[in-house]
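Dear colleague,

I am passing on the structure below, and my notes on it follow. Please read them with the coordinates open.

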Amino acid sequence: MFSIRRHPVFFVVLFAPALLLVGGLMLFPIVNGIRLSFTNASPLRAETRFVGVENFIYLFEDPRFWEVLGNTVYICGLSTIFCTILGLVVALLLDSGIRFVGFFRAAVFQVWVVPWIVIAILWGWLFNDEWGIVNQFLRSTGIIEGQMAWMFEPKLAPWVVIFAYSWRAVPFVMVIALAALQGIPKEVNEAAEIDGAGYLNRLRHITLPLLQNILLVAALLEAVRFLQEVTIPLVLTQGGPIGATNVLSLFTYKAAFTEWDFGLASAAGTVWLLFVIVFAGVYNRFLLRKSA
Amino acid sequence: MANVQTRNIKKKYGSVEVLHGIDLEIEDKEFVALVGPSGCGKSTLLRIIAGLEEHSGGDVLIGGETVSDLTPKDRDIAMVFQSYALYPHKNVYENLAFTLRMRNTPKGEIDTKVRAAAEALNLTDYLDRAPAQLSGGQRQRVAMGRALVRKPKVFLFDEPLSNLDAKLRVEMRTEIRRLHQDLNATSIYVTHDQVEAMTMADRIVVLHDGDIIQVGKPMELYDAPATTFVASFIGSPQMNLFEGNLDAAGGHFHVSTGSSIRLGKQYRSEASVTLGIRPDDLELDASDAADIQGKIRVVEHTGGETLVFVDTPFGPLCVRAPARSQARVGDITGVKIDRERLHMFDASGLRMSAGGA
Amino acid sequence: MSVSAPILRRRANQAALYLSVCTLVLIMLIPIGWMLSTSFKPLRDVFQTPPQWIPDEITFKNYVAQFNEVLGTLMLNSMIVAVGAAVLATFVGAMTAYGISRFRFKGGALLMLFFMGSLAFPVPLLMISLYSLFVKLGLLNTYAALILGHTAVTIPVSIWLLKNFFDQLPREVEEAAYVDGASPLKVFLFVVLPMARPALAASAIFVFVVSWNELLFGLTFTSTTDMRPLPAGITLVFLQEFEGAWSEMMALAVMVSIPVLILFFFFQKTFLRGVTAGAVKG
Amino acid sequence: MKYLYSSVLALTMATTIPQMSAAEDVVYSGWLGTYSYLEPVAGKMEEKFEANNPGVDFIRQDVPFEKALDQATVAHLGGNASDLIHLIPGWVPALQAIGGLAPLDDLFTDEELAQIPDAALEALRFEDGKLYALPWVPGPVMMFYNRNLLEQAGFDPDKPPTTWDELKEMIMGVCALPAGDDGKIYGLALRSWSNPNAVQWSIPWIYGFGGDVVDGDGNIKFNTPETRAAYSWLQDISTSGCAPDGFSVGETRNLMASGKAGFILEGPWGRGLFNNLSENTIKTGADGDIWVAPLPNAPDGSHRTIGNSHVIAISSASKNKELAAEFVKLILFDQDITDTYFELSDQVSTPSAALLAQGPMGADEFTQKFVEELQVYNESPIKHPKFYAILDQVVPEYQRILKGADIESSLETADKQIERLLSR
């Protein structure tokens, strides 16, 4: 509507603050971070030296770093899948013509604003060995006897994190899916119903294909958010037991700000960035395009 | 003096040129309508005159001075939009006052002008209302009022009536025309509705695919359309057009089925031409004097007149018959042609003048 | 009068539907319910088997115990930072979104891609350089460091939400104002911003919630209690002292959630509309 | 627009101007105030310090124990370090390495320093020969045991174990007691959660078996026969379910305070802690509910324990080093303060041998038990800036061992990880 030639000052004014903020506080740090990943930078050292790919070699020679990568994919991947499926199911149920949709939606969405720190505290209580409601429930149904040390079993602890992540993200996916569902013209489904398609057929041939892209985008957003999330592993599980919940975000944060090894942390962060770029590229290429 | 001129206006979106060099002269105090089908560039041209779009080449002049580099604010124009474009968060009074406030008009003066405009448009009782509380016609009047509080040099209308129902549209037509006469400002009016253009404008500019096809008074366009496009665009029901050829002498028109018709005038001989006849210039004629015979396919009674669609050897033909015409579907009838009022277009669709060698 | 079989079946279907919706919603809300329930129990009742949902004895002692200076300071800090970030990110976001939406220029889409892509930048990696940057600027341990940090990481979403909103907003109103003599800046301030209130609110709420939640910046960029925001403060000050005092811990958790829950309770319609419009159309 | 500009300006100013502080501030940061029962001590110190130095404002920054090092580092690097920093010996090298600590030799007189045992001072002296922190609250670690549980399990509560086999037998015995209303009873309240502190708390066991984690050449080494023996002993207890799964320091203390654990390792602060946690329902005394005993001797008959002491240091950035030193003198050598600290917290509140032998501490049986152990205690053996990172390398292996993994290979992995870390 406006042309740059006619309103050059306004154009600059509109973009300058955001570019300054994002450029100064995100782009510069990321570029600088990549640069640091080739140095041995550390506040504990007076001199910073260029070390080439030493940090990366150090990382990839460390079996624990591979475990961290595995944990990250496992926890973030499963959480994304669960929250997407659950969010979709809740949305489908809410969109099935029942009343009080607004009320249910609002009730579920409250979960989305519960602060992570609260979830960290709360999950510690829910999954407490002795008095946690989860174990009490499992005991009362006879699934387990005695105690189940959710936080001390390397096989169980990731699930505590996964439950927290999925729980917190379901409302977001639900709201997006519900909005997309409500955006599908009624006539399309009515036509299919007249054509003789039952609920499952309509779901499979009409609803899901129409929802596919928006769901995939929501899932990607959630996956990226899970990658960033650090409160639960940092406060609740501290990366344990036996490193089972040590994820990339925690690893990078600890390398930088408890070990003060900026070079190594930057290398881990760079690996993370590359991973995201490659993943988003593949995702875009093989999942989104098809249905677009 | 507030004449409006465009000189060789070009507009490109990327590599696509949508206006191919528009030259237009609009006199002071003139009411000009820009018509054409959607996508012809008429709105773009108006927006270029308004300064909302930048042109890729050429010049816009208002009152003899180039305004190409001026923002709308400095062109002293007013514009009425199709969707009314009222400020939803301001009441009617504030909507009307906004433009004056933007020009730092003193408070007292704003009040006087707003109240005068509201008076003129019968909006005085609604000044405190929000746009959402108004009817379509009232909103339209607020939109007009917003334009006229300022007494600008040029009024621009971008399809202002297309969101109204048919009855209101007719009312507003006269109202806009009356306002134009009261204000004596130059007005440019964009519409895709040729009836609006015919009834309101002093002059009509027909645009097609980014070019001006014809400029003229309404009846000039009606009587002497410059191209087949104008011929079919102006006038309702639209002109009957037949493709065929002229004989060597130029006095007869032949169609591919073999039928022919004698013309009232002499044209230069052409292999491929289009013959146009307005439904008004045809008459159902049961007598032997009829020029063409055909079978009635459809009869439409519109109340004031009857449209009779006849299948003839030349092709389907629409005839405007009197209101109480007895024509019945299936009847064989004759059609009489007013030979003086035939239109002939050459292969490229341009109007041919009679008597050419 | 007997009811026909199809009608019965439909009613059964309906009942099953409501039942499953209610069950799912309840499951979602169990953690919150349990948090509330525990927070009103005296500590000794917390360790009961089987667990009691409605406490025998309701006590507010756990909440009263939280009213101390430290929590007050932390709340105030978080409030200042979250409001600051919400205002800044939303206003700057609106400017950028408006620019992308209304200026015709090459690279608008690229710019958008850059902003959205920056969401995936690893935050700990950013923090390394931000840390040194804030040290140099003398911003460490100030509200400004947190506000700027939170603004930077939330501004892409703010831009995205608002751009989608602006894209859907009919331009004619702005064009009318422009023709009426308003400069683009005035069009933006006096016509667009008032019309964009729902989207601005959605963006502000989003930024507020994210900021209220944020832990790492708070841990790293502040070093004194009088600057620390809630999540960092709780991690640093409260968790150790409370080991085992679950009822008090739950009361603390409830109190930390209350501001965002209240905010959300009042604005959820606006927020959901803003978010879904942005998300689905975008 | 006018209002917009001015409010933006006001906002910017309000958020960027750092807290203005008067020149005569002395800021302490540490975990004194994060324990409510220690708060009155801090209050008393503040009161007396401000009375001694009129016009000076004493400000306390509360940082929990686990985050104290990180926060002190952040504060120093960010240029707003506190004048006084409360630490443990293991952290001193890290802060010293970034130049965060002021040398103390010139701030204190020889007579003042002479009151402190040389061994304690040596632990805080660095390669440059300078002293960077002073011992404050010495913390030799001993065994606390629940006399009631021992009795219930058929042992004589007046005869604490003196050998490792006896100790194990008692732990197993207590562990076999039936669960009470509020949960299972553990033999040993062992810390094993995913935090470097868990490994730090395992060093007393290693000492107890006659080992160390630093060899004669100063290399850090966990894979030694003594450590293997100690961890194997712990593994037996853990795998038989007699130690809780992954409990933190706080959780183990709760276990002990609620009478649900037979044994726990604590320093002299234990009595105050358990009093506080149990709301004074548990009495610590030779004839009470809980009493203390030294860890058993090593197989070769030697006896040594670790000190998880507190130290106090002065920031290199402090503008008032003299004033800060005044505060240190007050808390270390003022009998009024040390006695109050002791009375309110039950801590051995001064390193000064003279003060420990007189007043209420001199008369207290519990305290004198710890004073005895002061003869055989060492501070944290690892003097390295990456103290926590080193322990962090051991944490997963330690947890693995407690779950029954092969000890030798786990410790070998740990050593290899440490070596890798230190090679950077």
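A:Asp261 counts as buried, since its relative accessibility is 2% (buried means under 20% relative accessible area, exposed over 50% and partly exposed in between, with a 1.4 Å probe and protein chains only). A:Asp261 sits in the loop between helix H11 (248-257) and helix H12 (262-291) of chain A, where helices (H or I, at least four residues) and strands (E, at least two) are DSSP runs numbered from the N terminus. Apart from neighbours within four places in sequence, A:Asp261 is in contact with A:Ala41, A:Ser42, A:Ala255, A:Ala256, D:Lys386 and D:Arg424, contact meaning heavy atoms within 4.5 Å.

Please keep in mind that this is a predicted model, in which local features need pLDDT of at least 70 and side-chain atom pairs count only at pLDDT 80 or more, while totals for chains, interfaces and linings use all residues. Residues are numbered from 1 along each chain as its sequence is written, chains are lettered from A and ligands numbered from 1 in the order in which they are written, and side-chain values use heavy atoms, with hydrogens and water left out.

As for the chains as a whole, chains A and C share the most contacts of the 5 pairs of chains in contact, whereas chain B and chain D do not touch, their nearest C-alpha atoms being 14 Å apart.

In chain B, helix H2 (residues 92-102) has 9 of its 11 residues buried and is therefore largely enclosed by the rest of the structure. The cover over the buried residues of H2(B) includes helix H3 (107-120) and helix H4 (136-148) of chain B, together with helix H8 (172-179) and helix H9 (184-195) of chain C. Just after H2(B), B:Asn104 takes a positive phi of about 55 degrees.

Two loop residues of chain B also deserve a look. B:Tyr84, in the loop between strand S6 (77-80) and H2 of chain B, has a positive phi near 75 degrees although it is a residue other than glycine, and B:Tyr84 is buried, with a relative accessible area of 8%. B:Lys29, which is found in the loop between strand S2 (16-26) and strand S3 (31-35) of chain B, likewise is not a glycine and has a positive phi of about 65 degrees, but B:Lys29 is partly exposed, at a relative accessible area of 40%.

Finally, the peptide bond from B:Ser236 to B:Pro237 is cis, with omega near -5 degrees, and B:Pro237 lies in the loop between helix H8 (228-233) and strand S11 (240-246) of chain B.

With best wishes
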